[in-house]
Amino acid sequence: MTAAQAPGSREVLGPPEIGRALIRIAHEILERAHGADDLVLLGIPTRGLPLAQRLAATIGEVEGVDPEPLVGALDVTMYRDDLRRHPTRTIGATSLPDRGIDDRVVVLVDDVLFSGRTIRAAMDALTDLGRPSAVQLAVLVDRGHRELPIRADYVGKNLPTSRGEKVAVRLVETDGVDSVRIEAQ
Amino acid sequence: MSHLLRGVAPLGGTPTDLLIVDGRIAAIGPDAAREAGSAEVVDAGGLVALPGLVDLHTHLREPGREDAETVLTGSRAAALGGYTAVHAMANTSPVADTAGVVEQVLRLGQDAGLVDVFPVGAVSVGLRGEQLAELGAMAQSAARVRVFSDDGMCVHDPVLMRRALEYVKAFDGVVAQHAQEPRLTREAQMHEGVVSAELGLAGWPAVAEESIVARDVLLAQHVGSRLHVLHVSTAGSVEIVRWAKARGIGVTAEATPHHLSLTDALARSYDPLFKVNPPLRTPEDVEAVRAGLADGTIDVVGTDHAPHTREDKDCEWAAAAFGMTGLETALGIVSTTMVATGRMTWADVARVMSATPARIGRVDSGPRAQGRPLAVGEPANVTLVDPAARWTVDPAAHASTSRNSPYGGMELTGRVVATFLRGRPTVRDGALVEAVVA
Amino acid sequence: MRHLLSAADLDHATAVHILDTSAEMAKTQSREIKKLPTLRGRTVVNLFFEDSTRTRISFEAAAKRLSADVINFSAKGSSVSKGESLKDTALTLHAMGADAVVVRHQASGAPHRLANAGWLSAAVLNAGDGTHQHPTQALLDAFTVRRHLRGTAAEPDGVGDDLAGLRVAIVGDVLHSRVARSNVDLLTTLGARVTLVAPPTLVPVGVERWPCEVSYHLDEVVDGGPDAIMMLRVQRERMGGGGGATSFFPSPLEYTRQYGLDARRLARLPEHAIVMHPGPMNRGLEISADAADSPRAVIVEQVANGVAVRMAVLYLLLAGEREDEA
């Protein structure tokens, strides 16, 4: 039995909903940034990275620019505050666009916003890499239960959940399918 | 004091009764029960009777290292191991290289009163391998020393070895050699081979033992003396001794329990419990030593009981002392490796652990003779063994002051149940007899 | 990973994972801000019974770049001869709350004892023990080989890759070399084919069971076209010329002639082959200045990679929850 078929699991977003949400977010980002010139989208591995790439692709289409220099990856593992609570995590890759992040608008992209601790770690990591003019946050799902004073600038879907539930995001690039499900633990 | 051992199997033979009266074996067979009178009856059904075990190779550490062992605690360990006599090696502090020291050790043994302690005399002054110790004085002392050894050190100078072999002929002595070529074993830590290469520990090559054994058997032949090779550990040494015996050379040889049972692979733990000199060798060497013991090439099992304090073992391998305890486990190891496997009989065990060592040490005659047959009129030095008992070695429970047994947790077959020294029980039901301890 | 005692303990997946983690660490070391907060609050003790400023500094830099607290404990000569025993030192470090102990010791197996004798609960990292093992040296060597011979435009560090099919020659005093032992274990685990080159006196008895080839002739091995050649340091005390009967070879000059990497041998190596040395070098003995300073020498880079590899190992040992607490 795969997780997707687990009892008590229900799909809340399918491929069309995810696609529409990302297109909307891409437009919102462009609107706030007044174009793509100073924009950098940094995806947080694992699933933030393909989301950032999709957003960049849409932005590139709309603005008629090459999306490649807009995207980077920001691994936050070594900045996490919960390392000692879990088995050793594998460190992911960090890669910045050639132009760097100094004086640019950085949009952090992640799949799920939950406690806010990952984003806290991401902001620390960012500080060590340069000095953006502004940092914003885009997430596919905001499931609530924040433990830090952090909120998202762009949200695909607000998803009220209980703490006991698990939000499972699957993306074509990493899992072969686009879906967001809520699973009882 | 008299005891009737009921249903006992002498040397593992047909069960019978054996009567001990006034320190001697008074009767064996149907007569025993008839003559028993008021003798205490010992139910010895299922037990094997052996002549009291004799160790040619024990380190009792006293005088000098009473923190590791004393003559008393070593005697307790020996009695529990089924021994009625041990030879105390000379590498004490001061070294047993004078009549005074050997008589001191003799007296300490008599005071302990659990086993006969026969002091071994050093071959050279201070074990330094330079000058003969006063072998004659030790031979004529109250200790009547007949076994001479620098054990721990090799008598490596060929001239000194020749002189010693010749000199001891005057009092029918024997030189017991620790065969270790010192130049080939400088800073050596373990057997040189596959495992030492892997572990990065300096090697103690088999040839360092074999070259000395070969030289010594030729020297013994040349001067017509008795040579005893201690702790034969390599297949090559076994082969050389076999060759020498075939030529009629007066050589005897010893195997230790650990060289009959353990291999160099144990060093992979880097636990100094397995650090010993000569070192644990390969499985092929262990097999050769077993075969040599079974076919009579190797004459005796000697424990090389080498107690060490915890601080001398609770450290890194290179800093640790060489040696392991053995008195309380020797019979179990021999029983497990040689008897339970069908390679030796209990009569063979009596030969290699009692009769032959006593003969080599020349303690097999006179009123306090050791290693005598189980026969009417002989001194009642008797060890009772339960050949089927399976037991797990627990070094913490050992009577030895030291805990450096390599066999902790190992399951053995065959256990000493009782020991009689000239008719007096020193061990009953596997425990020291209280009156003796007090 | 609970301890790192021997390169032989690393399986293929673990070894590649360490190298991949090292690659991420190496990237952080080219940034302006090199320090990471990862091991804040953790205490790493450098316990050095043997002088090795180079190795100690490398471990110290690695721990500090990860924000661990570092305590340097130089116990040179104390244990084996006299003074405090290894056990008491270990109990002291335990009482001080060490999370990891990086140990360099002249006695083979000392890190094993520290890890297994029950004296302390810290992770033990072998920084070189006697003539046994030096696993982080092998890891940095493997990292260097992989970067140079397996790196691609997309993956300059060869991340995810191993060393399958590469041929590495290790030349010199194999008998006394923990670097050689560790490298034979690790490089062959990663798929490389290792050839040891040494005079017969400096090859250990028992080497026939190692997963490598042995040659007594450097020229033949050079002409065989190795992808990497690693020159081992020759200790002065092992040399002839006054060493007497126990010297392992007749003279330094003869050694250099037979086993030194000079300009002629360097020229005969394949174009892509790299020259390695764990340092410190005896210039003019096992390696000539021509070879040491040539563009194909990666000796200085080995040092830099050492910090990244040690960061990776400290991360993997210390960042997660403790296995025995899980």
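Predicted model: local features only at pLDDT ≥ 70, side-chain atom pairs only at ≥ 80, totals over all residues.
**Two domains in chain B**

Let us start with chain B, which splits into domain 1 (2–49 + 376–437) and domain 2 (52–360). Taken over C-alpha atoms, the centres of domain 1 of chain B and domain 2 of chain B are 26 Å apart. Where they meet, domain 1 of chain B brings 30 residues into contact with 42 residues of domain 2 of chain B. On the domain 1 side, the elements that give two or more residues are β16 (382–392), β17 (411–421) and β18 (424–428) of chain B. Of these, β17(B) gives the most, with 7 residues.

**Chain C against chain B**

Chain C also touches chain B: 22 residues of chain C are in contact with 17 residues of chain B. On the chain C side, at least two residues each come from α3 (86–95), α4 (110–116) and α6 (178–189) of chain C. The biggest giver there is α4(C), with 3 residues.

The make-up by class of these two touching sides is set out here.

**A helix in chain A**

Now have a look at helix α3 (residues 117–129) of chain A. Its 13 residues, at 1.5 Å a residue, should span 18 Å, and the end C-alpha atoms lie 19 Å apart, which agrees. Which residues of α3(A) are buried? They are A:T118, A:I119, A:A121, A:A122, A:A125, A:L126 and A:L129. Viewed down the axis of α3(A), these buried residues fall within an arc of 155 degrees, so they line one face of the helix. The cover over the buried residues of α3(A) includes β4 (105–113) and β5 (134–142) of chain A.

**A parallel sheet in chain B**

Back in chain B, 5 strands make an open sheet with parallel pairing, in the order β9-β10-β13-β14-β15. Which strands are at the edges? They are β9 (147–148) and β15 (300–301) of chain B, each of which pairs on one side only. Within this sheet, β13 (residues 227–229) and β14 (residues 251–255) of chain B run parallel and are joined by 3 bridges. To pick out one pairing by name, B:H228 has B:T252 in β14(B) as its bridge partner.

Notes
Residues numbered from 1 in each chain as written. Chains lettered and ligands numbered in written order. Domains from an automatic or database assignment. Contact = placed C-beta atoms within 7 Å. Helix = DSSP H or I, 4+ residues; strand = E, 2+ residues; numbered from the N terminus. Expected span 1.5 Å × (residues − 1). Buried ≥ 20, exposed ≤ 12 C-beta atoms within 10 Å, placed from the backbone. Arc of directions from axis to C-beta. Pairing = 2+ DSSP bridges.
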